[in-house]
Amino acid sequence: MTLRSAHWYAGQDRNAYIHRAWMRRGTPDDAFDRPQIAIANTASDLTPCNAHLTEVARSVANGIYEAGGIPRELPVVSLGETNVRPTAMLWRNMAAMATEEMLRANPIDGVVLLGGCDKTIPSLLMAAASVDLPAVVVPGGPMLTGTFRGVPLGCGTDVWRLSEEVRAGTLSNQDFTRSESSMIRSRGHCNTMGTASTMALVAEALGTTVPGIAGTPAPDSRLLEAAHGTGRLAVQLISEDRRPSTLMTKANFHNAIVALAAIGGSTNAVVHLLAIAGRLGIALTLDDFDRIGSRVPVLVDLLPAGRFLMEDFYRAGGFLAVLREVRDLLDPSALTVTGKPLVDYLDEAPIWDAEVIRPRTAPLVAEGGIAVLRGSLAPSGALIKPAAASPELLRHRGRAVVFDSIEDFSARIDDPDLDVDADSVLVLRGCGPKGYPGMPEVANMPLPRKLLEQGVRDMVRICDGRMSGTAYGTVVLHVAPEAAAGGPLARVRTGDYIVLDVEARRIDVEADLSQRTPNIEGFAAPKRGWERLYVDHVLGADTGADLDFLLGSSGSEVSRESH
């Protein structure tokens, strides 16, 4: 087999000389005849959940070298959910595009993808799908459980809970601040079933990790062991020419949707899976999520839908134990990076703690998968996560209280004169991919202070943005078309009655919107740079919010020389 990297290194001409000479720097002569494997590393001090990935990369590199390959660490765009403004989602597509281009441009035969925080694994998989070189994922893993006042804290989920208690006057600001260091106890990403944990597990369901790795806690030495083994596997992927296009088929996406439902995973996974499928040319739609996943039982009793955290999940048997319970719902033809079907790894995957991972006969929620809603308010679809919602609100009719932007919301939500009650429906618009821009995690709006003080802890909320995978509540989100793209949400007014019926998969507004002028206040109008490119080309949430010119694959060929 002729290695792709030989197009750079083989031969005696001036260009081959330049490519070898500048990479030599102590490398043995035969290094240029061996597989060159990039370690796409999203480590960054400004992405705290990924900061430890440089240590993981060393274990990967050792495995690559041991198996006869040459490791080449490649820093790539790193997106930390907790810090970047206006939202990390604005740059998911940029990170994917930059990674794709760097993999294509360099003398690389394959790649190991190191991600953790929410957007890093999706962007890496989008890039790998588009360049279609042999690729394998090593997820960075969740942090260990922290406790505050003797009670375990879930990252993100308890931020939302405790901050509402401060606003309700039942928790002091001093105690709220004191909980910070308790919540973030170790290296690793959020320890709830948020987007980071969800996407690591979904990556395994897609067949892109070595089965059994996803969910390993970041400080656990077994993560380094698995990283070393993945480095060895990367060399094998090249020799056997196993690529994303040969592994990620419709069957793999079917299994990812089943898995997403069974773990009670983040709604964000929907927009990421749609985007990854779009890079592969696989026809995946919102309807597939409802058809395949909405009736699947939730088996994982983890925050935000349940009680436990990712360290408990790993101890209880982990992801393969969950999949074993829903084995009959999986497509047995779906392969993994090892070359074996995913279902082959389920025979010896027992549940060790049936409180954390429920058996199929005693699920946490009988039918808890993500539900896709349509209706006059969301003709192209919207999502709700029933497992994280209040059962009594899954069928509800209420008067809309409309906010035109997140700034409008922040300015008015705690106004004691705001005309709102517990039956009202909070509507926030201008937060979709085009409108914000970037589709921020603001859909789980804080409740009005005066209602919190009355003991109200959930209301129906509707938004064209997203919410954190760590969040909870009766939230209808990803409303499409978004307001900024001319969707009905732009025409809704305070006082309109909105009807939610999750069982019927409906979200409707009781008003004739056809004669109304859409409200366009607060929508993004960038003049230059990435934001301008993004707003001009981003697609809707219902198709994955990718850029229109990034759909599909360009492959790995580079025909022109650099010198």
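1. D132 is buried, because its relative accessibility is 14% (buried means under 20% relative accessible area, exposed over 50%, partly exposed in between, with a 1.4 Å probe and protein chains only). The residue sits in the loop between α5 (120-131) and β4 (135-139); helices here are DSSP runs of H or I with at least four residues, strands are runs of E with at least two, and both are numbered from the N terminus. Phi of D132 is near 55 degrees, a positive value in a residue other than glycine.

2. On provenance: this is a predicted model, in which local features need pLDDT of at least 70 and side-chain atom pairs count only at pLDDT 80 or more, while totals for chains, interfaces and linings use all residues. Residues are numbered from 1 along each chain as its sequence is written, and side-chain values use heavy atoms, with hydrogens and water left out.

3. M439 also has a positive phi without being glycine, near 65 degrees. Its place is the loop between β10 and α17, and at 0% relative accessibility M439 counts as buried. P437 is found in that loop, between β10 (425-428) and α17 (449-452), and the peptide bond joining Y436 and P437 is cis, with omega about 0 degrees.

4. A cis peptide bond also runs from L303 to P304, with omega near 10 degrees. P304 lies in the loop between α13 (286-293) and α14 (310-315). As background for these backbone points, most residues other than glycine have a negative phi, and most peptide bonds are trans.

5. Helices α8 (residues 195-205) and α11 (residues 250-262) pack at an angle of about 145 degrees, and their axes are 8 Å apart. Axes are lines fitted to C-alpha atoms, for helices over the stretch in contact, and angles run from 0 to 180 degrees between N-to-C directions. From α8, T198, V202 and A205 meet N252, N255, A256, A259 and L260 of α11, contact meaning heavy atoms within 4.5 Å. The residues of this contact divide into five nonpolar, three polar and no charged; Ala, Val, Leu, Ile, Met, Phe, Trp, Tyr, Cys and Pro count as nonpolar, Asp, Glu, Lys and Arg as charged, and the others, Gly among them, as polar.

6. Helix α12 (residues 268-280) has 13 residues and reaches 19 Å from its first C-alpha to its last, close to the 18 Å expected at 1.5 Å a residue; the expected span is 1.5 Å times one less than the number of residues. Of the 13 residues of α12, 12 are buried, so the helix is largely enclosed by the rest of the structure. Among the buried residues are N268, H272 and R279. G281 follows α12, and its phi is positive, near 75 degrees.

7. D220 is in the loop between α8 and α9 (221-240) and counts as buried at 16% relative accessibility. The side chains of D220 and R222 are joined by a polar contact of 2.7 Å, that is, a pair of N or O atoms within 3.5 Å; within protein, one must be able to donate a hydrogen and the other to accept it, and residues adjacent in sequence count only if both atoms are side-chain atoms.

8. S556, in the segment after α18 (529-537), is buried at 18% relative accessibility. Not counting residues up to four places away in sequence, S556 touches R4, R104, V131 and L133.
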